[in-house]
Amino acid sequence: MASIDQPTSHREELGLIVDLADQQFAIVAVLVTIGAPVVAYLSGIASLMFYVHVALGAFWFGLDFFFKFVLGPALDAAPEDAAGSVNHHLIPKIVAVAEPLSVGVIGSGIGLAFMLGYWANPSIWLWGALVIGVLMLINGFGPLHLVTTRMVVELNKEDPDGERLDALFGQAMQWGLLQTVLMLAIIVMMVGLRGLL
């Protein structure tokens, strides 16, 4: 499976992820997921920012649920060689999309709250959403990032260690489930922010 030399530093691991995801794919992912909120914010049009935030949030939420509750179990039931081959190509692309997507969703939420004047008199719901958003970024760029990076490196080896991959996948699922709980919690905060609770 290996096609790229094994990395010796985290910077090289990130380079491996970008190479395996395809550099153009990674660039487009960053430009869309971070560029769209920046353009919407700079436009000054709150409704545009709202739709960008909702669209990116729905994409992130859908990606999260699809991967954990549909694709993950399907790959777990698939033959090891097939699952390994799919994961070798899929996980770098997921990382290349999910990490900038998280920044785009949370950043657009903060920008939208500013555009709607919520920061003039912040409610408990706004503070709750901000704290949860920060926790999501810490989880996503901390333990979840490190585990998925280790999975990519292991999958890129000439002879990946199946037991190590199973352990890493289990860790990724645990940190990913925390992310899912935080996603659900931030939705509650946004509903409260809109005065619907």
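Helices (H or I, at least four residues) and strands (E, at least two) are taken here as DSSP runs, numbered from the N terminus. The structure is a predicted model, in which local features require a pLDDT of at least 70 and side-chain atom pairs count only at pLDDT 80 or more, whereas totals for chains, interfaces and linings use all residues. Residues are numbered from 1 along each chain as its sequence is written, and side-chain values use heavy atoms, with hydrogens and water left out.

Helix packing was examined first. Two packed helices are described by the angle between their axes and the distance between the axes. Axes are lines fitted to C-alpha atoms, for helices over the stretch in contact, and the angles between N-to-C directions run from 0 to 180 degrees. Angles under 35 degrees count as roughly parallel, over 145 as roughly antiparallel, 65 to 115 as roughly perpendicular and the rest as oblique. A crossing is termed left-handed if the near helix is turned anticlockwise from the far one by less than a right angle, and right-handed if clockwise. The axes of helix α1 (residues 10-21) and helix α4 cross at roughly 110° and come within 8 Å. Helix α1 is therefore roughly perpendicular to α4, and the crossing of the two is left-handed. Helix α2 packs against helix α3 (residues 46-77) at an angle of about 160°, the axes being 8 Å apart. This angle makes α2 roughly antiparallel to α3. The crossing of α2 and α3 is likewise assigned as left-handed.

The loop between α1 and α2 contains D22. Most residues other than glycine have a negative phi, and most peptide bonds are trans. D22 has a positive phi of about 90°, although this residue is not a glycine. Its relative accessible area of 36% places D22 in the partly exposed class; buried means under 20% relative accessible area, exposed over 50%, and partly exposed in between (1.4 Å probe, protein chains only).

At the surface, V38, Y41, L42 and F114 form a nonpolar patch with about 420 Å² of accessible area together. Patches are made of residues with over 30% relative accessible area and no salt bridge, like charges being joined within 9 Å and nonpolar side chains (Val, Leu, Ile, Met, Phe, Trp, Tyr) within 5 Å. The accessible areas come from the Shrake-Rupley method with a 1.4 Å probe, and for residues only the protein chains shown count as cover. Helix α2 (residues 23-43) gives the most to the nonpolar patch, with three residues. F114 belongs to helix α4 (residues 80-115) and is exposed, with a relative accessible area of 51%.

Charged pairs were considered next. Side chains of opposite charge can pair when their charged atoms come close. With a salt bridge defined as a side-chain nitrogen of Lys or Arg within 4 Å of a carboxyl oxygen of Asp or Glu, the count comes to three salt bridges. One of these joins the side chains of D64 and K68, with an N to O distance of 2.0 Å. Both residues lie in helix α3, four residues apart, about one turn of the helix, and both D64 and K68 are buried.

E154, in helix α6 (residues 143-155), is buried at a relative accessible area of 3%. E154 forms a salt bridge with K157, in which the closest N and O atoms are 3.1 Å apart; K157 is partly exposed at 30% relative accessibility. The side chains of R164 and E154 also meet in a salt bridge (3.0 Å, N to O). R164 lies in helix α7 (residues 162-193) and E154 in helix α6, so this pair ties together parts that are ten residues apart in sequence. R164 counts as partly exposed, at 36% relative accessibility. Through salt bridges that share partners, E154, K157 and R164 are joined into one network. By contrast, E154 and N121, which are 33 residues apart in sequence, are 49 Å apart in space, C-alpha to C-alpha.

Sequence separation and spatial distance were also compared for two residues of helix α4. E99, found in helix α4, is buried, with a relative accessible area of 15%. V97 and L63 are 34 residues apart along the chain, and their C-alpha atoms are separated by 9.7 Å.
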